[in-house]
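Thanks for making time this morning. I would like to walk you through one chain, so please have the sequence and the model in view while I talk.

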Amino acid sequence: MAGVNPERRRVKSANRNVRGQSSVDDLTLRGAVTGLASLYAVRGQLSDPLALIVWENIGYLIDDERRSALFEEFVDRVGLQPARIVHAPVPVLTDIARRGGMSPQTRVERLRLIGALAIAECDGDLAGRLGCLPLAKARTLLRKFPAIGDPGADKILLFAGIAVLPALDSNGLRAMVRMGFCAEEKSYAQTYKAAITVLAKDGETDAAWLKRAYVILREHGKTLCKRAAPICEPCPLDRQCAHRMVAKL
Ligand code: SF4
């Protein structure tokens with residue numbers, strides 16, 4: 001069960017004695033996503049599982065613009081067919097990988113592994129295989145690919161149209177914790193589980209909304225609700241967010 005965010009509890013307690021002050025109770029998850037929607041464009045997203053896995057592995061700690069450029073170059077020079085990935089010339093993979101952040105050689109190996117796994121596990125048709133498997137087995141298959149854990153598997157299952165389930169990246173997760181929708185637990189995995197439980201319970205149940213929530217919360221975490229320190233003044237949730245209200249107490 002999702003824990004109660006301690007900041008939210010503090011603000012609620014303080015608000016009992018302060019008339020007229022905005023309350024964290026005023027902020028709903030749907031309201032937060034709607035409030036943030038005007039700030040961030042929801043562009044077209046990849047929907048092919050193999051493309052999503054390559055996207056994840058094409059760079060390390062690089063911004064979306066650079067990741068997008070490298071991904072497009074990979075599609076042009078190599079392609080997204082597993083056999084072409086496996087047999088891609090190493091100098092081509094290395095040339096792309098070295099512009100994707102640290103440890104390029106590891107990325108070259110991972111890219112080739114993606115192609116090899118897609119052939120070995122599903123005869124080159126990852127999307128088709130995922131669509132035939134029960135959800136737990138589809139998740140297990142995705143987790144065999146490099147850099148894909150439970151959060152990555154959730155994202156792929158949602159964006160590929162295989163399952164309607166909530167997903168978050170680390171930026172969206174941080175924003176949800178700060179807003180007070182869930183507590184920061186002892187591990188990332190526990191916090192993630194708490195957050196997607198809230199998304200499933202308090203969000204909307206259609207895939208379009210869950211994708212929009214993923215993108216908007218992620219953009220918010222990257223743009224204003226930043227890891228090092230949030231930029232709260234221009235945030236539309238400034239008067240309702242638990243983190244912000246604790247700072248004002
Ligand atoms: S008010 Fe600040 S901490 Fe709260 S969601 Fe906005 S940017 Fe994040």
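Predicted model: local features only at pLDDT ≥ 70, side-chain atom pairs only at ≥ 80, totals over all residues.

Residues are numbered from 1 along each chain as its sequence is written.

Leu133 is in the loop that runs between helix H8 (126–132) and helix H9 (135–143), where helices (H or I, at least four residues) and strands (E, at least two) are DSSP runs numbered from the N terminus. Setting aside residues up to four places away in sequence, Leu133 touches Ala138 and Leu141, contact meaning that the two C-beta atoms, placed from the backbone, lie within 7 Å. From Leu133 to Ile162 there are 29 residues in sequence, and their C-alpha atoms are 9.6 Å apart in space.

Leu39 and Pro236 are separated by 197 residues in sequence, yet by 9.0 Å from C-alpha to C-alpha.

Stepping back to the whole chain, the secondary structure consists of 14 helices and zero strands, and 37% of the 249 residues count as buried. Of the contacts with a separation of 6 or more, 67% are between residues 24 or more positions apart.

Which residues have the most contacts inside the largest nonpolar core? They are Val54, Leu168, Met176, Met179 and Ala195, in a core of 60 residues, a nonpolar core being a set of buried Ala, Val, Leu, Ile, Met, Phe, Trp, Tyr and Cys residues joined through C-beta atoms within 7 Å. H13 supplies the largest share of this core, six residues, and at least three residues come from each of domain 1 (6–42 + 167–248) and domain 2 (49–147), the bounds being those of an automatic or database domain assignment.

In H12, the buried residues are Thr191, Tyr192, Ala194, Ala195, Ile196 and Leu199, and they pack against helix H2 (29–37), helix H10 (150–159), helix H11 (170–179) and helix H13 (207–223).

How do H11 and H12 pack, and at what angle? The angle is about 75°, with the axes 10 Å apart, where axes are lines fitted to C-alpha atoms, for helices over the stretch in contact, and angles run from 0 to 180 degrees between N-to-C directions. H11 and H12 are therefore roughly perpendicular, since angles of 65 to 115 degrees carry that label, those under 35 count as roughly parallel, those over 145 as roughly antiparallel, and the rest as oblique. At this packing, Leu173, Met176 and Val177 in H11 meet Thr191, Tyr192, Ala195 and Val198 in H12.

H11 and H13, finally, pack at about 80° with axes 7 Å apart, and are therefore also roughly perpendicular to each other.

Conventions: Buried ≥ 20, exposed ≤ 12 C-beta atoms within 10 Å, placed from the backbone.
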